[in-house]
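Work through the exercises below with the model open. Each task is followed by a stepwise solution.

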Amino acid sequence: MFKNYLKIAWRNLWKNKGYSAINVGGLALGMAVTLIIGLWIQDELSHNSYFKNKDSIAQVFQSQTFNQETGTGPAIPRPLEKVLRDGYADNFKHLVMSSWNISRYLRYKEKSLSKTGNFMQREAPEMLDLKIIKGEKDGLRELNSVMLSESVSHALFGNEDPIGKTLKVNNQYDVMVTAVYEDIPFNNSFNDVEFLMPWDKMIATQEWMKNAEDQWGNNSFQMFVQIADNSTMEKVTEAILNVKKNANEDTAEFNPKIFLFPMKDWYLRGNFENGEQVGGRIKYVWLFGIIGAFVLLLACINFMNLSTARSEKRAKEVGIRKSIGSQRNQLINQFLSESFLVVLFAFIIAVIIVLLSMNGFNDLSKKEISFPWNSTNFWVVLLVFITITALVAGSYPALYLSSFRPVDVLKGTFTSGKYAGLPRKILVVLQFTVSVAFIIGTVIVMQQINYAKNRPVGYDKAGLVQIPTFSQDFEGKYDLMRSEFLNSGAVIEMSASSSPTTQIWSNRSGFDWEGKPEGFQEDLAWTEVTPEYVKSLGMKIVDGRDFSREFATDSNAVLINRTAVKYMGIKDPVGKFLKDDDEEDPGPPLKIIGVVEDMITQSPYEPVKQGVYVFDKHGNSSFYNLRLNPNQSASQNMAIIENVFKEHFPSLPFQYDFVDDEYGEKFAAEERIGTLSGIFTALAILISCLGLFGLTSFVAEQRTKEIGVRKVLGATVFNVWNMLSKDFLKLVIISCFIAIPISYYVMNGWLQDYPYHVILEWWIFAFAVIGSLAITILTVSFQAIKAANANPVKSLRTE
Amino acid sequence: MLLQLNNIFKWVNSGGQRIFLLKDINLTVAEGEFISVMGPSGSGKSTLLNVIGMLDNFDEGEYSFLNEPVHTLKEKNRANLYKQYIGFVFQSYHLLDDLTVKENLEMPLLYKKVGSSERKSLVADTLDRFNIVGKKDLFPSQLSGGQQQLVGIARALISSPKLILADEPTGNLNSKQGEEIMELFKQLNNEGVTIIQVTHSEKNATYGSRTINLLDGRQINALNG
């Protein structure tokens with residue numbers, strides 16, 4: 001019986017190639033979108049699945065309140081370790097202090113590479129369950145040891161056995177390779193941990209870290225834990241919530257809360273607002289999940305509409321089958337098997353589409369996704385996916401078609417009745433509501449990106465290059481390098497700074513100034529710079545003057561930005577002082593010599609943070625900022641700069657970044673979403689139009705005789721076109737009226753996440769309405785004009 | 001006795017008026033009869049046939065088929081009843097266009113859940129019996145009207161029904177083809193199949209053993225009804 005159903009289905013598909021192409025093609029597109037989104041979601045959800053202990057690992061987070069604003073983050077003070085180890089050891093299986101992910105030059109013989117890694121305590125490899133390829137898992141036991149990822153080991157040693165070999169770190173100290181571990185895969189936190197060195201080594205080599213041992217106010221470290229087997233995240237958090245406050249009364253005024261942030265939430269739910277966890281990337285998982293479901297629904301609607309629209313053709317078959325003994329459920333089965341067959345076809349095409357577009361999608365979404373053909377679960381999910389699609393697409397037509405009464409349809413007087421088209425119309429409205437909403441959403445996302453991109457950044461980011469200078473080799477070389485670079489002709493100005501142009505690495509508080517409000521707890525972005533900073537970046541001085549080497553007193557001078565003036569509430573800031581309020585060991589007062597234009601260092605969607613630029617008298621620079629010679633090409637300049645660099649630092653790799661590119665990275669996430677939603681919108685519209693095209697051609701065919709009669713009676717082509725198009729245009733207009741308020745509500749909510757955002761304007765909505773009407777007219781007209789131009793004699797003779 | 005209709009009424013309401021399609025029909029059909037139903041267009045012939053064939057409902061009265069009270073049966077049981085005992089032959093053949101002759105013949109057996117081997121032998125027998133073996137792989141559109149109707153009758157007969165209901169079976173055929181079909185009916189009737197046919201043609205009616213005349217939904221002269 002089933003074979004028979006399939007036979008009929010196959011012949012039906014073959015006989016009506018046009019409809020089949022629309023049906024299968026539309027479904028295939030829809031399924032391809034859903035598949036690819038499904039894979040993307042799976043990839044997002046499987047983040048950190050490399051770590052066996054994923055469910056019991058957490059990072060220790062801290063939230064503190066300054067001026068009624070609660071900030072939350074991973075930075076914790078060093079003394080917290082001792083308190084937790086002494087008083088709360090039962091709660092933890094492992095407790096690991098860690099540095100940030102920092103870059104170090106690793107040199108073996110003549111080969112030097114800049115790699116990123118962490119300094120962590122001994123239990124880290126055990127806690128993360130690193131897969132050891134060579135050497136021992138307990139590789140951080142000795143002070144002068146290093147564990148390398150497989151690819152770093154390979155890059156440094158090639159085929160040599162790395163175990164026991166000695167590396168020089170930052171040209172400063174030697175460590176011995178104790179282990180090589182499998183690279184942590186792309187889709188995981190710690191992916192950029194290319195080496196591990198002992199926490200104690202970092203303390204031993206950095207004076208400030210030793211000092212931080214008892215400083216409760218110095219939140220500059222990270223702590224990872226694995227909770228005890230019999231405990232839960234909530235229990236441990238409850239136990240340690242107030243440890244900092246209790247251990248150190250001075251910090252109580254900031255109400256510090258210490259809590260666990262579970263690994264399974266790191267990637268998807270990493271946003272905090274006023275101390276509360278408020279989601280994160282998970283919202284994009286939902287967003288794309290919804291988009292995927294809708295696109296599939298659109299394709300299913302095509303199937304439903306085309307099947308029911310053609311019902312009059314199938315009606316006779318239903319009648320005959322019923323009269324020779326078929327029961328209704330047998331017919332339902334038949335029609336469902338038909339939709340199953342169509343969906344299966346569509347699925348195969350969808351898989352091919354996905355395979356072909358996988359590379360492009362991976363580039364766009366910055367992922368490494370592929371079909372997990374070897375996973376049983378995957379096949380089960382696919383089967384469920386096909387079945388659900390077939391049921392969604394096929395149930396309504398199956399129920400509808402199988403309901404015909406044989407007496408009616410066999411008499412030949414069967415017409416679908418006045419309201420038979422109503423569900424079809426509702427479905428078309430649903431399709432276009434989704435499409436119009438997608439159009440509006442995409443336009444707004446694009447607008448928001450452009451809006452933020454066009455925001456003045458406060459400096460000239462074109463032709464600006466930064467070179468990281470973390471290695472010991474750079475110490476005391478600034479003046480020399482500056483004159484070398486300037487003399488080379490490739491650079492017209494150069495400065496050094498303690499953080500990159502596009503980020504804030506340090507914040508400070510603990511100052512007093514004239515007019516400071518009572519009890520005000522300031523938080524200032526802190527960048528140490530050489531006197532040429534303003535000039536090399538092309539920033540603008542709006543008040544006072546720039547740093548100058550001619551004034552010896554400038555070593556205790558600062559520039560502040562416009563926002564800082566407002567934030568601190570200083571009138572006439574130039575000439576005023578920032579006084580260090582540390583009672584025991586106050587630094588010298590810092591004189592404000594000028595005010596600079598705000599410069600975007602963090603998110604381009606947020607207001608600029610109040611910032612202080614401090615004369616760098618200790619040589620704390622982390623970056624050189626080079627203003628390239630505008631009269632030569634960038635590649636010429638870079639070739640010259642590389643030569644100069646190699647001359648002075650022969651053992652270091654030449655690393656640099658164009659500030660332009662770094663700044664562009666800030667838009668990457670939004671741009672990805674914009675591009676993807678643009679593509680999905682285009683596909684959604686294409687699918688809807690495909691359905692509309694099928695429906696119009698059907699309607700035109702059905703009304704051939706009517707059109708013939710009308711033409712004989714004198715109707716013009718325009719009359720006929722108007723008659724056929726009007727119905728569909730009406731539906732699309734209704735869709736617009738539904739889509740506009742919904743998308744306004746949703747997109748307005750989305751924009752609220754960005755303090756700096758576009759205002760929703762009416763023309764966006766007008767654009768979407770006009771656009772979708774134009775698309776509808778184009779789609780419908782093709783068939784309508786064809787029908788209107790047909791020779792009426794022909795169409796009337798066919799009866 | 002094969003079936004019995006007692007006081008069957010069927011009506012539709014149109015504009016506040018009740019229009020009777022069938023009015024007080026009483027009919028007893030014994031096995032082996034060959035009945036012709038006649039009457040002008042709109043007199044209710046086809047409606048009567050559909051009611052007998054259980055494709056259509058009636059509003060009042062009683063209908064028993066092989067002593068089963070049809071009016072009280074559920075849809076499903078009714079379908080089982082006619083699937084087993086009734087075959088239809090239509091004026092416009094109503095073959096399934098997408099299936100070959102052989103597959104069309106097989107269809108009712110599939111719905112009766114007849115096993116594969118038995119199905120094959122029944123189809124082969126029937127093709128043989130109606131002399132259409134050579135046409136088994138053709139589609140209906142490749143056959144003449146007479147051939148299509150032959151297949152239609154073969155399909156109605158393949159599940160060995162007790163009763164054949166034929167709605168103007170020769171209406172779309174030329175007189176020679178029509179005659180052949182009627183001869184076939186006669187022969188089937190002689191083999192014991194009960195036949196009820198609707199016809200416009202006095203000549204075709206003479207093949208039957210008895211004629212029922214309808215006018216505006218009423219019987220006008222039922223011979224020993």
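Helices (H or I, at least four residues) and strands (E, at least two) are DSSP runs, numbered from the N terminus. This is a predicted model, in which local features need pLDDT of at least 70 and side-chain atom pairs count only at pLDDT 80 or more, while totals for chains, interfaces and linings use all residues. Residues are numbered from 1 along each chain as its sequence is written, and chains are lettered from A and ligands numbered from 1 in the order in which they are written.

**Exercise 1.** Describe the annotated domain of chain A.

Step 1. Take the ranges from the record. The unreviewed UniProt entry lists residues 290-396 and 679-792 of chain A as "domain: ABC3 transporter permease C-terminal". Such annotations may be inferred rather than shown by experiment; positions use the numbering here, and feature names are shortened.

Step 2. Read residues 290-396 of chain A. This stretch is 86% helix and 0% strand, with its end C-alpha atoms 22 Å apart.

Step 3. Read residues 679-792 of chain A. Here the chain is 86% helix and 0% strand, and the end C-alpha atoms lie 42 Å apart.

**Exercise 2.** Compare the radius of gyration of chain B with that of a compact globule.

Step 1. Apply the rule: 2.2 Å times the number of residues to the power 0.38, with the radius taken over C-alpha atoms.

Step 2. Chain B has 225 residues, so the rule gives a radius near 17 Å; the model's 18 Å agrees.

Step 3. The C-alpha trace of chain B spans about 55 × 40 × 35 Å along its principal axes.

**Exercise 3.** Which elements of chain B give two or more residues to the side that touches chain A?

Step 1. Chain B supplies 18 residues and chain A 17 residues.

Step 2. Name the elements. They are α2 (75-85) and α3 (101-111) of chain B. α3(B) gives the most, with four residues.

Methods: Contact = placed C-beta atoms within 7 Å.
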